[in-house]
Amino acid sequence: METKTPSESRTTQTDLVLPNETNPLNNMFGGELLARMDRVASITARRHSRRIVVTASVNHVAFNKAIPLGSVVTVEASISRAFKTSMEVVIDVWVEDRESGLKSKANDAIYTFVAVDDTGVPVPIPQIKPETTQEIARYDAALRRKQLSLVLAGKMKASDATELKAIFE
Ligand SMILES: CC(C)(COP(=O)(O)OP(=O)(O)OC[C@H]1O[C@@H](n2cnc3c(N)ncnc32)[C@H](O)[C@@H]1OP(=O)(O)O)[C@@H](O)C(=O)NCCC(=O)NCCS
């Protein structure tokens, strides 16, 4: 199976926060950000696999900073690691300062997508070759997160989660 780099499928979306996308504090509604992240991450997963992809799990979301109405928000998604049919997508969210134009990190998230055929059956995908220091670190940690996600979903016994056991032993 072919191997690809994270940069080949990396996807970035920049958009405003409009009034109908905010909560009563005039900050971006969390569900709106989740939807933007899911869309951008699904394009990334599709570009990597060139298949139909479905969201299998949302493994981690951190809403570290509120994003005010009118902000310019950039959502960037990259494949950190591909397994047999599933792939982990890491999403970084940045907010641009109006005056300086500098971007600061607001949130991040980790989603898992599965490539499927026309009938919804999982199909094999290309592997990932990480290149940068950050890509290598995210690749190395991804198997641990996959095992944690499967254990929490009740799809793997904790006793079979070798990567997790290695942390605690
Ligand atoms: C995601 C889905 C295809 C997985 O089907 P499944 O019968 O569990 O298939 P498998 O057991 O073969 O798992 C397929 C892959 O997904 C991974 N996976 C399944 N659930 C997972 C989870 N909760 N966390 C991480 N990985 C998961 C498996 O480990 C496997 O990975 P691998 O082949 O890379 O090793 C299926 O559950 C599905 O279609 N779910 C609905 C998806 C959807 O509609 N999403 C939108 C929500 S509105």
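The legends below describe close-up views of one predicted model.

Residue numbers start from 1 along each chain as its sequence is written. Because the model is predicted, local features need pLDDT of at least 70 and side-chain atom pairs count only at pLDDT 80 or more, while totals for chains, interfaces and linings use all residues.

View 1. Five strands make an open sheet in the order 2-4-5-6-3, with antiparallel pairing. The edges are taken by strand 2 (11–16) and strand 3 (52–63); each has a single partner strand, so one side of each is left without a neighbour in the sheet. From one strand to the next, the twist averages 25°. Strands (E, at least two residues) and helices (H or I, at least four) are DSSP runs numbered from the N terminus. Two strands pair if DSSP finds at least two bridges between them. Axes are lines fitted to C-alpha atoms, for helices over the stretch in contact, and angles run from 0 to 180 degrees between N-to-C directions.

**View 2. Strand 3 beside strand 6.** Strand 3 pairs with strand 6 (residues 103–116) over 10 bridges, in the antiparallel sense. Within this pairing, Val 54 stands opposite Val 114 in strand 6.

**View 3. Strand 5 and its two partners.** Strand 5 is mostly covered, with nine of its 11 residues buried. A residue is buried if 20 or more other C-beta atoms lie within 10 Å of its own, exposed if 12 or fewer, and partly exposed in between, with C-beta atoms placed from the backbone. Toward strand 4, the pairing is antiparallel over 10 bridges, and Glu 76 stands opposite Asp 92 in strand 5. A hairpin through three residues joins strand 4 to strand 5.

**View 4. Val 90 in strand 5.** Val 90 has its place in strand 5. Val 90 is buried, with 26 other C-beta atoms within 10 Å. Not counting residues up to four places away in sequence, Val 90 touches Ser 78, Ser 80, Ile 110 and Arg 138; a contact requires C-beta atoms, placed from the backbone, within 7 Å. Lys 165 is 75 residues from Val 90 along the chain, and their C-alpha atoms are separated by 23 Å.

**View 5. The largest nonpolar core and helix 2.** The largest nonpolar core has 33 residues, and those with the most contacts inside it are Ala 41, Val 89, Ile 91 and Phe 113. Helix 1 (30–49), strand 3, strand 4, strand 5, strand 6 and helix 2 each give two or more residues to this core. Such a core is a set of buried Ala, Val, Leu, Ile, Met, Phe, Trp, Tyr and Cys residues joined through C-beta atoms within 7 Å. In soluble globular proteins, nonpolar side chains tend to be buried together. Leaving aside its neighbours within four places in sequence, Ile 91 is in contact with nonpolar and charged residues, including Met 37, Val 40, Ala 41, Glu 76 and Asp 108. Helix 2 (residues 133–152) lies across strand 3, strand 4 (72–82), strand 5 (86–96) and strand 6, and runs at about 85° to strand 4.

**View 6. The shell around the ligand.** The ligand is surrounded by 18 residues, of which the closest are Phe 83, Lys 84, Thr 85, Ser 86 and Ser 149. A residue belongs here if its C-beta atom, placed from the backbone, lies within 6 Å of the molecule. Strand 3, strand 6 and helix 2 each supply at least two residues of the shell, and strand 3 gives the most, with four residues. By class, the shell has eight nonpolar, seven polar and three charged residues. Ala, Val, Leu, Ile, Met, Phe, Trp, Tyr, Cys and Pro count as nonpolar, Asp, Glu, Lys and Arg as charged, and the others, Gly among them, as polar.

**View 7. Two loop residues with positive phi.** Most residues other than glycine have a negative phi. Asn 26, in the loop between strand 2 and helix 1, has a positive phi near 65°. Asn 26 is exposed, with 12 other C-beta atoms within 10 Å. Arg 50, in the loop between helix 1 and strand 3, has a positive phi near 55°. Arg 50 is partly exposed, with 13 other C-beta atoms within 10 Å.

Terms used. Contact = placed C-beta atoms within 7 Å.
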